[in-house]
Amino acid sequence: MIRLLQLELQKLLLNRTSKILIFISFILPLCVIVLSSIKINFFGFFTLELGELGIFNFPLVWHVTTFFSALFKFFFAIVVVSMIGNEYSNKTLKQNLIDGLSKKEFILSKFYAILFFSLVSTVIIFVISLILGLIYSSYNEFSIIIREIEYLPAYFLKLVGFFSFCLFLGVLAKRSAFALAFLFVEFIFEWIVFGLIAWKSNMELATKIQNFFPLTSMSNLIKQPFQRIAMSKFPEKNSLDYDYAVHFETLLIVGIWTLIFIYFSYKLLQKRDL
């Protein structure tokens with residue numbers, strides 16, 4: 001495992017574009033700390049300071065930081081599809097196989113890189129959330145600090161699942177641009193199916209079926225926190241209530257999709273004549 005990971009990291013770090021995108025995907029979440037301290041003056045009428053709004057209170061901070069940090073995953077998604085695209089365009093895939101690397105090891109090296117960067121990103125978000133919470137939160141009891149920390153493993157799985165999907169699309173399309181286009185097509189496809197089922201049947205059934213689709217299930221791991229923030233500010237508004245928890249069945253669905261993507265990435269590579 002270490003040998004395959006080192007091999008992949010060496011390839012990525014020798015590529016200037018990959019280094020820049022990896023740096024951006026890691027550094028952007030740190031901007032949350034900067035934003036939390038910025039005071040925005042609205043033409044002298046009032047001053048807005050994010051840190052004073054209560055969104056960095058424990059345990060809400062775990063939800064807020066993981067949700068917004070997950071939005072930056074597209075930068076590393078470009079790296080993932082480029083990992084495959086460059087292997088085909090530079091003929092390094094064929095050379096690696098000639099040098100003794102099996103197709104299974106080739107896919108595993110990519111997957112280990114995905115696990116590594118997802119873990120590093122999760123650790124960074126953990127540190128950021130902890131710092132923001134300790135600075136701004138009104139609560140410092142250990143039991144409250146660790147409450148809802150399940151958003152971190154959900155964030156990790158969301159990254160692993162999404163990047164595994166990108167890996168599969170990269171192997172399928174062989175080109176980075178096509179892989180990203182397929183990603184967009186899949187997003188549209190899920191909503192088209194949702195609309196057709198809702199039209200022919202009902203909204204409830206359409207939602208249940210859509211929740212099993214890859215991109216939707218990954219999105220459901222960490223739902224938007226805006227309604228939750230509104231609920232904390234206006235507790236009397238029962239109509240704002242919604243389910244924002246991390247559910248085991250959603251974790252299971254994304255975990256199964258991840259295994260499917262890695263398995264079929266290997267099968268596609270295995271059947272191709274390189």
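This is a predicted model: local features need pLDDT of at least 70, side-chain atom pairs count only at pLDDT 80 or more; totals for chains, interfaces and linings use all residues.
**Exercise 1.** Classify the crossing of helix α5 (residues 73–89) and helix α10 (residues 176–200) by angle, and give its handedness.

*Solution.* Two packed helices are described by the angle between their axes and the distance between the axes. Here the axes of α5 and α10 approach within 8 Å, and the crossing angle is roughly 135°. An angle over 145 degrees would count as roughly antiparallel, and 65 to 115 as roughly perpendicular. The pair α5 and α10 is therefore oblique. Its crossing is right-handed.

**Exercise 2.** List the residues that make the contact between α5 and α10, and sort them by class.

*Solution.* From α5 come I78, V81, S82 and G85; from α10 come S176, A179 and L180. By class, the contact has 4 nonpolar and 3 polar residues, with no charged ones. Gly is counted as polar.

**Exercise 3.** Is L115 buried, partly exposed or exposed, and which residues beyond four places in sequence does L115 contact?

*Solution.* L115 belongs to helix α7 (residues 103–136). Its relative accessibility is 24%, so L115 counts as partly exposed; buried would require under 20%. Outside its sequence neighbours within four places, L115 contacts F156 and V160. F156 is 41 residues away along the chain, with a C-alpha separation of 8.6 Å from L115.

Key
Residues are numbered from 1 along each chain as its sequence is written. Side-chain values use heavy atoms; hydrogens and water are left out. Axes are lines fitted to C-alpha atoms, for helices over the stretch in contact, and angles run from 0 to 180 degrees between N-to-C directions. Helices (H or I, at least four residues) and strands (E, at least two) are DSSP runs, numbered from the N terminus. Angles under 35 degrees count as roughly parallel, over 145 as roughly antiparallel, 65 to 115 as roughly perpendicular and the rest as oblique. A crossing is left-handed if the near helix is turned anticlockwise from the far one by less than a right angle, and right-handed if clockwise. Contact means heavy atoms within 4.5 Å. Buried means under 20% relative accessible area, exposed over 50%, partly exposed in between (1.4 Å probe, protein chains only).
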